[in-house]
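Biologist: I would like to learn how to read a model of two chains. Where should I start?

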Amino acid sequence: MSADLLLAVDGLEKRFGALKATDGLDLEVRTGEIHALIGPNGAGKSTLMKQLSGEMKPDAGRILFRGADITYATAPRRARLGIARSYQITSIFPDYTVLENVATAVQMRMTGGAGILRRAKGDADIEEPALKLIERVGLSGAHDRLASALAHGQQRQLECAMALALEPSLLLLDEPMAGMGPQESAIMVELLRGLRGQVTTLLVEHDMDAVFSLADRITVLVYGKAIATGSPDEIRNNPAVREAYLGEEADAS
Amino acid sequence: MPDGFLRIVTLALVVLALFFPLLAEAGGSAYLVPSASRILIYALAAVSLNLLVGYTGLVSLGHAAYLGVGAYVVGILSFHAVEGSTIFGLPGTVEGLVSIPLAILFSALVALVLGALCLRTSGIYFIMITLAFAQMMFFITVSLERYGGDDGLFMYAGPNRLGPLDLSSEWTFFYVCLAVLFAFLLFCRYLVGTRFGRALGAIRQNEARMITLGCNVYRYKLAIFVIAGAGAGLAGALLANQASYVSPDVLHWTRSGELLFMVILGGSGTLLGPVFGAVAFLLLEEYLPVLFDAAGLELLKEHWRIVFGPLLIIVMLFNRRGLYGLLAGRPRQ
């Protein structure tokens, strides 16, 4: 197994009754890359993400993270190993301010025992890194606002900051641009571009413009199987992919 | 910190509490002091329950169990002291400095065991299983024949001593309760302000997110469950001293319901809400019948709960943060 391989999925299977949502799936994510996962609805993208984050257990196959088998590691364990995820449906702490949201994530990375009884508000140890992250995702100035009062796009940015707060070595982003307007999408694309080379990212996204401009490599998922992996150009020109997924739309572009 | 109207009410309550025995005596109503102590004790229990319900989002319908454990520890120790017998090879005691910490310890232990089991579930199942275990504790006390079983246990030695303090003095006892409640409120304020408290609030708002942030939510919940149980145990220990009597009544499931009512009525998830809730709940319970009697409404005097129930519902309908919310006005931002 090559040294720059961060995540390897090997023959992964997940069945829901007769439906094979993940069907002998193989996937390799290299350190530092933005790896996009595309596929039509029902291809099993979210199911795969859940198995990678530990929220769902596969029926067969293996998941290797840095060469270690994490197939059956719990979600908190994986988070501590350095796998963070954001959600297709916004998942934040609505009654907390932006700063409190991110500081909570920071503290989850840091807190081991003793620090837990320190006063959270005004604690520079967690608030300084949190403020940096808030700036990084483009939410400076909004740190005092309640998360529930943010616009949808801002909540997605906040979610990104929370995932980054774990200082993950692998970031799982499940449709970060879902429900965003063009302007918000553009901000998010810039944000993700800025992460290239710093955080290895596995990105599930329906916005093809974003995917093809961001991704170093793309894997196409159809019916729970990876039918192709390659650079954006390779994927664009792969006949099997065109047939299965991109269809007429790709011909036109 | 509370502001505006809320601050005035809070300040008024604090002043009233500080001088209550004096005022009651001056007004010729010294008999009210023990009742006031009882309110303070229930406020303490409600504040401890609020740590679960309000701050962590764990609706426990079995909190009276820990109140009961605390009360029974004090009662049983007093029983053995009077009888001159031993329990687990140790003599009984009427010294509060021993019995009250033991009451806290035992209720914390019971909370640790029951919590470890209950917290495997969530939502409606959590409510039901806390209720079930509390019922189990209730029937255990009923079956304690030696300690009075159904009839309860009289503490013939009267209330405990507390070091140099004599808790049989109504005034002393009142101020002890007030001090304990105040100290516990300060403790809760500190606790919810820590990283631990921040994490609890996050669990309440979005448990799934906390898990994927790497939080072992089970441990956090168990920790606060034990702390809340210990707080209720402390209240129970005081309750036993207040009445010099403990009975399975303290653990009855309706008691758990009342505590929950106090929390929600007062405003769950706020520091002082449960105190307001306990005061309002117990005063209404006491004085609604009296009020209807004075107004000559015989039927309502008899069936005062017909008014009591809707009144509670109305407060909660108008403001989800209960009395605290009504007094404080708009929530932050």
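Biologist: Which residues of chain B does UniProt list under "transmembrane region"?

Modeller: The unreviewed UniProt entry lists residues 40-58, 65-90, 96-117, 124-144, 172-192, 218-239 and 259-284 of chain B. This model is predicted, and it can be set beside that record. Residues 96-117 of chain B are 100% helix and 0% strand, with 31 Å between the end C-alpha atoms. For residues 218-239 of chain B, the span is again 100% helix and 0% strand, and its end C-alpha atoms are 31 Å apart.

Biologist: What pLDDT does chain B average?

Modeller: Where pLDDT is low, the predicted coordinates should not be read in detail. Chain B averages 93, and 98% of its residues score at least 70. The model has an ipTM of 0.88 and a pTM of 0.89.

Biologist: How many residues of chain A are in contact with chain B?

Modeller: Interface size is often given as the accessible area lost when the parts come together. Here we have contact counts: 30 residues of chain A touch 18 residues of chain B. On the chain A side, α2 (75-81) and α3 (98-110) are the elements that give two or more residues. The largest share, six residues, comes from α3(A). By class, that side has 15 nonpolar, six polar and nine charged residues.

Biologist: Is F93(A) buried or exposed?

Modeller: F93(A) counts as buried because it has 26 C-beta neighbours inside 10 Å, and the cut-off is 20 or more. F93(A) sits in the loop between β6 (83-86) and α3 of chain A. Beyond its neighbours within four places in sequence, its contacts include N101(A), T104(A), A202(B) and R209(B).

Technical notes. Residues numbered from 1 in each chain as written. Chains lettered and ligands numbered in written order. Predicted model: local features only at pLDDT ≥ 70, side-chain atom pairs only at ≥ 80, totals over all residues. Contact = placed C-beta atoms within 7 Å. Helix = DSSP H or I, 4+ residues; strand = E, 2+ residues; numbered from the N terminus. Nonpolar A, V, L, I, M, F, W, Y, C, P; charged D, E, K, R; others polar. pLDDT = per-residue confidence, 0-100. UniProt positions renumbered as here; feature names shortened; annotations may be inferred. Buried ≥ 20, exposed ≤ 12 C-beta atoms within 10 Å, placed from the backbone.
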